[in-house]
Amino acid sequence: MLGNQVALIRRELWEHRSLYVVPAVLGIIVVLIQMTVQTAVSVFDTHIDMALLGATNIGPNERGAIISALLSGFSIVFVIVMLVLIGFYTLDSLYAERKDKSILFWRSMPVTDTETVLSKLLTALFVIPVITLAAIAATHILILFVTSVWVGMRGASAWHLIWSAAPLFDTWSATSIFVVALTLWMSPFVAWFLLVSAYTNRSPLLMAILPLIVLPLLEKILLKSTILADALMSKSAVHMPIFKNVDLETLVNKETLTIAAENGISLLSMLDVGRFVSSPSLWLGLVVCGLLTTAAMYVRRFRDEN
Amino acid sequence: MSSVVIAQHVSKAFGSTKAVDDVSFSIEGGRITGLIGPNGAGKTTLLKAVLGLTDCEGTLSVLGLDPFRQRKELMQNICFIADVAVLPRWIRVSQLLDFVEAVHPNFSRKKAEDLLQQTKVSAGAKVRQLSKGMVTQLHLSIITAIDAKLLILDEPTLGLDIIFRKEFYSNLLNDYFDGERTIVITTHQVEEIENLLTDVMFINDGKIVLDASMESLPEQFVELMTSGESVEEARKLGPFHEREVFGKNVLTFDGISREKLSSFGEVRTPGIADLFVAKIKGAA
């Protein structure tokens, strides 16, 4: 069972090379942009001391906070791309094999439909996030490395200004928790996409999105209620109950509009894992994910291509 | 050798059409059975049921297993080539071998690589870069390297040229078939496989119209070529099919002795293709 899963997931990565090529290319683009900005800043660098990351006129805690905020800004781009990748991957995963008839070959192997669909769910909910996190970490290190070179060329100590100040452990831990929480939170949509992919005969994207718009609309018109719409909206990423109620005033100095981070900022301390794990909406979502995945397994098993 | 496939009253309907209609048969181990029928006769549906790819009514036992409910166990001992197009086009040959090696307990990678050495298929190539004939060679090499008890071929040589078709069957006999393995094969090109079959099954409109061993055919079926008055006389013996060839009448009989018929004209054993047409048309 486990050996098969490894082989099946490896197979997914062979077929969907975009799952690692896209994050890698994105990382390269982000680093190139950062290098360009840094070079551009250096041209005007008379007043901006060492530019943002290498600023010596602020304390290490504030510098750490700025680095963390900047790195997290890049992370968000990766996370958005991850969601897009998961969406397109799941829609394709059980559709393409029927389209090119290779399903007949896959099903001639001693692998159950349950194992196959499970491998696709695991790829979406586990492998893609892990690749994304690895790409985020690699990009962060590259960015800090480029900045170090930049700072070093100006005769300052990169270790002192950047590496010792950058709260990498805090940033990466918080990002990992956020990404894991996000994929679990969105898992019912992932399973829904898998089911559509297993079922539909044409345009999986349309078939997946359309019911999510049309059904709440019909409910509103016919039943004058908004239960479906509310349920869907409550599962959007912005409603994910992972953040503590952070008072913005503690982060931003209102008078100077600068980051108030003399004591540093911990991203980790802004997350509330307890609140997330105890959210009924999370568990309900996981149950729905389980049901829809089971349905996808059944469709793959019982569907006849005649 | 015991029965590899036992079907009892197997049916499969799609809506109101019965693709397979109350079929019972058994296939013995070590045989090469040709399943022959016109388009839409139910061949593929029947094979799919045997492979556990589709559910059906009735009782079906393959290698002692229920194919639909025990597909994973079954697939360790069954191989099939459904059509030349089913290998995923994006995969590399080496990846394909990696995958089969990882999931199939009875696969010998070395044997597959040895067989591929004899072809032009290179390990680094992607399936989409290979010609149709090479894809089939690749598929057959993989399947030959799997120590399976039953091989099912559904139109395996469809769309291949004559060279590849001949090669396919000669490889099948030389590399795969060892007298213990069992093969079930469907094809439209009946003449090409006629001499490698040990058994033949005709299927039409979801029903089996003939299930016989090749050795028994000459005893059972006789074709009489005659003309003139003898035709009327011969017709009294109840041929199940009649056609005209070059102004002569060819009558096909079931269970009438050669000696009896030879007095009317020239007798011979019908070829599978002729017998097939006679059986299908005769029934219509």
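This is a predicted model: local features need pLDDT of at least 70, side-chain atom pairs count only at pLDDT 80 or more; totals for chains, interfaces and linings use all residues.
Good morning. I shall begin with chain A as a whole. Chain A contains 13 helices and 2 strands. It has 306 residues, and 46% of them count as buried. Taking the contacts in chain A between residues at least 6 apart in sequence, 81% join residues at least 24 apart.

A:Thr183 is found in helix α8 of chain A, which covers residues 168-185. Is A:Thr183 buried or exposed? Its relative accessibility is 4%, and the limit for a buried residue is under 20%, so A:Thr183 counts as buried. Which residues does A:Thr183 touch, once its neighbours within four places in sequence are left aside? They are A:Met82, A:Ile86, A:Leu125 and A:Pro129.

I turn now to the interface. Chain A contributes 26 residues to the contact, and chain B contributes 32 residues. Between them the two chains bury about 2,800 Å², and 65% of that area is on carbon and sulfur atoms. On the side of chain A, the residues that lose the most area to chain B are A:Trp14, A:Phe105 and A:Pro110, which together account for 24% of what that side buries.

Next, please look at helix α3 of chain B.

Helix α3, residues 93-103, and helix α4, residues 109-117, both of chain B, pack at an angle of about 155 degrees, and their axes are 10 Å apart. An angle over 145 degrees counts as roughly antiparallel, and therefore α3(B) and α4(B) are described in that way. The crossing of α3(B) past α4(B) is right-handed. On the α3(B) side, the residues that meet α4(B) are B:Val93, B:Ser94, B:Leu97, B:Asp98 and B:Glu101. On the α4(B) side, they are B:Arg109, B:Ala112, B:Glu113 and B:Leu116.

An α-helix has 3.6 residues a turn, so residues three or four places apart point the same way.

My last topic is the backbone of chain B. As a general rule, most residues other than glycine have a negative phi. With a relative accessible area of 43%, B:Asp22 is partly exposed. Phi of B:Phe246 is likewise near 50 degrees. Where does B:Phe246 lie? Its place is the loop between β11 (241-245) and β12 (248-254) of chain B. B:Phe246 reaches 84% relative accessibility and so counts as exposed.

Finally, B:Gly30 lies in the loop between β2 (17-28) and β3 (32-36) of chain B. Its relative accessible area is 16%, and B:Gly30 is buried. B:Gly30 and B:Ser3 are 27 residues apart in sequence, and their C-alpha atoms are 9.4 Å apart in space.

Thank you for your attention.

Definitions and conventions. Residues are numbered from 1 along each chain as its sequence is written. Chains are lettered from A and ligands numbered from 1 in the order in which they are written. Side-chain values use heavy atoms; hydrogens and water are left out. Axes are lines fitted to C-alpha atoms, for helices over the stretch in contact, and angles run from 0 to 180 degrees between N-to-C directions. Helices (H or I, at least four residues) and strands (E, at least two) are DSSP runs, numbered from the N terminus. Angles under 35 degrees count as roughly parallel, over 145 as roughly antiparallel, 65 to 115 as roughly perpendicular and the rest as oblique. A crossing is left-handed if the near helix is turned anticlockwise from the far one by less than a right angle, and right-handed if clockwise. Contact means heavy atoms within 4.5 Å. Buried means under 20% relative accessible area, exposed over 50%, partly exposed in between (1.4 Å probe, protein chains only). Buried area is the accessible area (1.4 Å probe) that two parts lose on being put together, summed over both.
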